[in-house]
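Work through the exercises below with the sequence and the model side by side, trying each task before reading its solution.

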Amino acid sequence: MTESSSSKLLNGGARHRPANGAKAARNGSVKSRCLFQQQKYLRPRGKNNHVARNGGMYKKPFVEYFEETPLLVAVLTYMGYGILTIFGYLRDFLRDWKIEKCHVAREREEQKDFVPLYQDFENFYTRNLYMRIRDNWNRPICSVPGAKMDLVERVTHDYNWTFEHTGKVIKDVINMGSYNYLGFAENTGACAAAAAEATQRYGAGVNSTRREMGNLDKHEELEVLVARFLGVEASMAFGMGFATNSMNIPALTGKGCLILSDELNHASLVLGARLSGSAIRVFKHNNMQSLEKLLRDAIVHGQPRTHRPWKKILILVEGIYSMEGSIVRLPEVIALKKKYKAYLYLDEAHSIGALGPGGKGVVDYFGLDPRDVDIMMGTFTKSFGAAGGYIGGKKELVDYLRTHSHSAVYATSMSPPVAQQIIASMKCIMGEDGTNLGRERLQQLSENTTYFRRRLHEMGFIIYGNEDSPVVPMMLYMPAKIGAFGREMLKRNIGTVVVGFPATPIIESRARFCISAAHTREMLDTALTAISEVGDLLQLKYSRQKTPSLEEDAYLESQD
Amino acid sequence: KMASGQQWVLVEMVQAFYEAPAYHLILEGILILWIVRLLFSKTYKLQERSDLTDKEKEELIEEWQPEPLVPQVSKDHPSLKYDVVSGPPSHKIIVNGKECINFASFNFLGLLDNERVKVCALASLQKYGVGTCGPRGFYGTFDVHLELEERLAKFMRTEEAIIYSYGFATIASAIPAYSKRGDIVFVDEAACFSIQKGLQASRSVIKYFKHNDMEDLERLLKEQEVEDQKNPRKARVTRRFIVVEGLYINTADVCPLPELVNLKYKYKVRIFLEESMSFGVLGEHGRGVTEHFDVNIDDIDLISANMENAVASIGGFCCGRSFVIDHQRLSGQGYCFSASLPPMLAAAAIEALNIMENDPDIFTILREKCRHVHKSLQGIPGLKVVGEPFAPALHLQLERSSGSRETDMKMLPQHLLVCFQCLDRQIAVTQARYLDKEEKFLPSPSIRVVVTIEQTEVEIEKAANCIREAALAILK
């Protein structure tokens, strides 16, 4: 990989920057018998929102907003990066001449004549851009990552090169950053109690792999439950969400297979695809024309050079894209996959629990049949307040994974208290704990999402994504505003996530809010007031769309 | 004069044209036409030549039949049915309904069911809940994580440590964080699967040397030196690494670390050391293979280990100098893009470190047990013990390896039977499992025997006898 270290900066979702994406974009030429009659190809960031093109496939309107970047803002953003880069070079120069003190850790004297471990330019971005605003990430917390959290106060005396903990705690920060969609990040209540009991009985670890001596009854119980929850024949659970992708895709495809991957897919999917040894082609984000073009070409032309037909084609998509807030156009993907006999791998890391009337993810949201998705993958980290991931599907699939998954043979199995937390929270969502709490949480999350998104929109911010997605990216654009927004929000006791390049395209730096069912209306209002205040301060209200004033009135009333 | 001279040439040419035979002119005319044609014809392209009509495309699409997503797994596939452990996988373990003594889990120090560890994990659970709901960057860094990193660094006597939420992902993420396309990695043939995956993800040039064979390694290093002299410009930017395990999980023997360090300085190659089996096992204080050989830990560029064996929690860590380790905080994929370790598991690891620090005698006890087990397993007919006497996870392999893998593989069911018989007699041992097709160098089939400090002498004798009898009955 030639990408520098900095290219993975500001974590979040790494993406493929498609080598062949440009090709995929020119796809107006597919004719006649395509499943989706071609309209003029819409640039994903084109007009304000794309309402479903294939309206008939959707049971309810599918509305996603991607308001175009205002031209002036784009120019200013590039200028911002330009200035930062010039200053970066200047300071590197000063450091070289020992005029400025250099804080970067140094190579050992004994190894000075080794080939340098890092190329100097690799860390340019880290040294000169990221360092300035580093205090916005890795903020240590010292409580449950619930609706409110406590942060460890830290100060820096050397412009973020080192941090010192003051020993004080910033209490009751409203948490708009954790993926705690259903509010199961709790230290009290039924789930925590169940997990505590499991700790008492089993201990923390397992000390063996599933295949050897680490297949506990808890794991089997969990897998039966997950299968039932998803509505699939069988499932398998793994100890880490990231590894669920990176260690299982290689078991499913190999040489002679083709993987079609969304350009914004998460790093774990990219890694898994790469480790599989299959050919990888990338389609434009959530763009069905692009996907169909790739499918047609792949089948018609076969493998490059040999022209043998592909052994199989696997489409990799996510349910909710964590940096865009968009929801996959699943009905269309399924129609395509059926028409072209491809297989579908759906990563529901963010959508499981967070979408759908029963919390069963994006399949449930669209009212589709889970059997139409070949591989249902998801994580337990987010909505379930635990850790790990699962794969669900037909019994053949799961049987095959049990015998061929890298994770089952080589990785230590899931910690029993974690498994118990998932079992308890999942039962709660399904209403099998004998209460209505799960349903209420789902309801609350959906209400909170709609409310929060609408209010932000009304305030004049540019927000991205689907109107039903609890991941709400709000555009900041300029690099200096990344740091400023994060800090100003923390001053107002609100913890938010801000992300910039390379987790996002260079000019599309953004803040991201994750809505939780645990947020009360009051908390959201406090957050919204603060966001509006900071938005005025930093001039973030970029949107040029008119806001319907009627609705605003309605909300003003409901506030009283 | 010039002008008249030129004119003369022209006249001569016209003259020659008239005098030339007709066939000559025709031929030249054809050639000129041909050139014009070539100039204006479309460039030759393989793909476009087979311009398919939409109908043909449609037919092709109709015709194409993919392979099934996964091949059918036969119902009696040997690895389809897992042994089921009911209740905790501690010293006494219930496998498939039978209570056994555990000789299979990597619970070397018996910390899994340690009360102190459990109390700490519980206290942490009551404070933080279970999950972290985010990656380290986005409110997924807990004070417990920072404490654990500090403690690990202190324990290992290195500048810095970084924790991962999954043992497997640790070295698999660490290698590609440093070694990129074009770099060169020298790696032992017996390296475990997570190293192999890390190497694959790095897309570097990979050179395998024979297991623990320093001469073979030096041969490769020398070859590379010659190569470098040919192309010094490229050599200046090609990073080189040696990746070895402290105590190999696949062979239960130890790497010759002092010699490796010599080679490191001689050929200017960095050393990455994977210590999942040796951390908390080797050395007076359990610091692993560096302490075992009394090698300065700063001479090792990166040490990685998981906390799923001796520490009996979940996750892994890397440690070394800040110059090296800090880089992973932005470049370690499994660190950046994964949810962080549940705080209760970090708390359990901290308490395990406390126990290891307060009571270094446990390492001595463990070594004695290892020696005991190693000794008692000698002389079993048909089976040989593979591994060092101080290794806590030994392998029992066929005594006379037939030399051909196929024959060895046929013996696999026998291995399994041995395991089953032992289970029947209340000794839990397991076959070492690999993915045959995925391993670069598939280790020989073996039965894994794991030593923990909880095993009493009587139990060890019992286990040895049990394996002996089973081997006698099955392997003859």
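**Exercise 1.** Determine how far apart the end C-alpha atoms of residues 20-40 of chain B lie, and how much of the span is helix.

*Solution.* In this predicted model, the end C-alpha atoms of residues 20-40 of chain B lie 29 Å apart, and the span is 90% helix and 0% strand, where helices (H or I, at least four residues) and strands (E, at least two) are DSSP runs numbered from the N terminus. For residues 161-179 of chain B the end C-alpha atoms lie 19 Å apart, with 63% helix and 21% strand. An unreviewed UniProt entry places the feature "transmembrane region" at both spans, although such annotations may be inferred rather than shown by experiment.

Residues are numbered from 1 along each chain as its sequence is written, and chains are lettered from A in the order in which they are written. Local features need pLDDT of at least 70 and side-chain atom pairs count only at pLDDT 80 or more, while totals for chains, interfaces and linings use all residues; side-chain values use heavy atoms, leaving out hydrogens and water.

**Exercise 2.** Find which chains the salt bridge of K339(A) and E58(B) joins, and decide whether each partner is buried or partly exposed.

*Solution.* The side chains of K339(A) and E58(B) meet at 3.8 Å, N to O. K339(A) belongs to helix α9 of chain A and E58(B) to helix α4 (residues 54-63) of chain B, so the pair joins two chains. K339(A) is partly exposed, with a relative accessible area of 26%, whereas E58(B) is buried at 13%.

**Exercise 3.** Identify the residues that touch the most other members of the largest nonpolar core.

*Solution.* A nonpolar core is a set of buried Ala, Val, Leu, Ile, Met, Phe, Trp, Tyr and Cys residues joined through side-chain atoms within 4.5 Å. Of the 283 residues in the largest one, F380(A), L456(A) and F485(A) touch the most other members. Helix α17 (residues 343-358) of chain B gives the largest share of this core, 11 residues.

Methods: Buried < 20%, exposed > 50% of the residue type's maximum accessible area, 1.4 Å probe, protein only. Salt bridge = Lys/Arg side-chain N within 4 Å of Asp/Glu carboxyl O.
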